[in-house]
Amino acid sequence: MRIVLLGPPGAGKGTQAVMLAEKEGFLHFSTGDILRENVKKDTQIGKKAKAFMEKGELVPDDIVIEMMLDTIKNAEPKKDFILDGFPRTVYQAKKLDSELDKLKLPVEIVIYFKTSTKIVISRLAGRRLCSKCGANYHIVNMPPKKQGLCNKCGSDLYQRKDDSEETINTRLEVYNSQTKELIDYYKAKGILKEVSGDLEAQKVYSRLSEILKTPAK
Ligand code: AMP
């Protein structure tokens, strides 16, 4: 099954994608993670993307589209996969559709994480990540056992630069002006399902599992 996770930053898309990958064996393609890896390694893509990411703006479509389509094709596209954070514009969605149609592997289901702004802001502002393995924490909702250290590998936790208050606001504006219209785009295709991103992670996962068990009409 090929799934797109759609919703504002902080809706829990990444958390659910990791759970689905661990429990159901989905390949997980996170645009944000792949871009951050490129920035870390200072690749050509990373050099181009860095300033946009730090400001909370979208990286230009052509860079992201080429990067994601290459990633999908170089993996095993016939396996079940989840796209987390891609597409984020209608232009990206159309390009994705036309490439996946050529491979006869169209997106089958789009999960929209409907999430209130208040929740999103508190999640992003409290989010901490492991500097080594990328595991996700929250200073209030999901604190590590030892303050500032990852439960899994013991490395230091850090706050993403773009999780600062000012950049969070920009990211939400960008979502509302450029990404939200994908809800209608996928609704028109009849493949959109909605979950509440306000719920805690286990409840969202149960709801997602139910949706994924229901055969597409
Ligand atoms: P995320 O980890 O999904 O919150 O993404 C972090 C940042 O990466 C975003 O604020 C954008 O700057 C960039 N980014 C991620 N996905 C995309 C995309 N599909 N199109 C353009 N920029 C993206």
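## A first look inside this predicted model

Searching the whole structure turns up one cavity of 30 Å³ or more. Here a cavity is a set of points on a 1 Å grid over the protein atoms alone where a 1.4 Å probe fits but cannot get out. The model is predicted, so local features need pLDDT of at least 70 and side-chain atom pairs count only at pLDDT 80 or more, while totals for chains, interfaces and linings use all residues. Residues are numbered from 1 along each chain as its sequence is written, and side-chain values use heavy atoms, with hydrogens and water left out.

The largest cavity holds about 60 Å³ of space, a volume being the space filled by probe spheres set on the grid points, which are joined across faces, edges and corners. Its lining residues (those with an atom within 4 Å of a point) include Leu5, Leu6, Pro9, Phe86 and Tyr175. By type, the lining divides into six nonpolar, three polar and two charged residues. In this scheme Ala, Val, Leu, Ile, Met, Phe, Trp, Tyr, Cys and Pro are nonpolar, Asp, Glu, Lys and Arg are charged, and the others, Gly among them, are polar. Strand β1 (2–6) and helix α7 (165–179) each supply at least two lining residues. Helices (H or I, at least four residues) and strands (E, at least two) are DSSP runs, numbered from the N terminus.

**Strand β1.** Five of the five residues of β1 are buried, so this strand is largely enclosed by the rest of the structure. Buried means under 20% relative accessible area, exposed means over 50%, and partly exposed lies in between (1.4 Å probe, protein chains only). In a regular strand, side chains alternate between the two faces of the sheet. Arg2, Val4 and Leu6 are buried on one side of β1, and Ile3 and Leu5 on the other. As for neighbours, β1 runs parallel to β3, joined by four bridges, with Asp84 in β3 as the bridge partner of Leu5. β1 also pairs in the parallel sense with strand β4 (residues 109–114) over four bridges, and there Val4 stands opposite Val110. Strands count as paired if DSSP finds at least two bridges between them.

Elsewhere, three strands form an open, antiparallel sheet in the order β6-β5-β7. Its edge strands, β6 (136–138) and β7 (157–158), each pair on one side only. Strand β5 (residues 127–130) is joined to β7 by two bridges, and Cys130 stands opposite Leu157 in β7.

Rings of Phe, Tyr and Trp (its six-membered ring) pair if their centres lie within 6.5 Å; planes under 30 degrees apart are stacked, over 60 edge-to-face, and the rest tilted.

| Pair | Ring centres | Planes | Type |
|---|---|---|---|
| Phe29 and Phe81 | 5.7 Å apart | 55° | tilted |
| Tyr185 and Tyr186 | 5.0 Å apart | 85° | edge-to-face |

Phe29 lies in strand β2 (residues 27–30) and Phe81 in strand β3 (residues 81–84), so their pair ties together parts that are 52 residues apart in sequence. Phe29 and Phe81 are buried, as are Tyr185 and Tyr186.

A charge sits over a ring if NZ of Lys or CZ of Arg is within 6 Å of the ring centre and within 35 degrees of the ring normal. Lys23 lies over the face of Tyr205, 4.9 Å from the ring centre, while the charged end of Lys55 sits over Phe52, 5.9 Å from the ring centre.

How values were computed: 1 Å grid on protein atoms, 1.4 Å probe; cavity = no way out; pocket = protein on both sides within 12 Å on 5 of 7 lines; lining within 4 Å.
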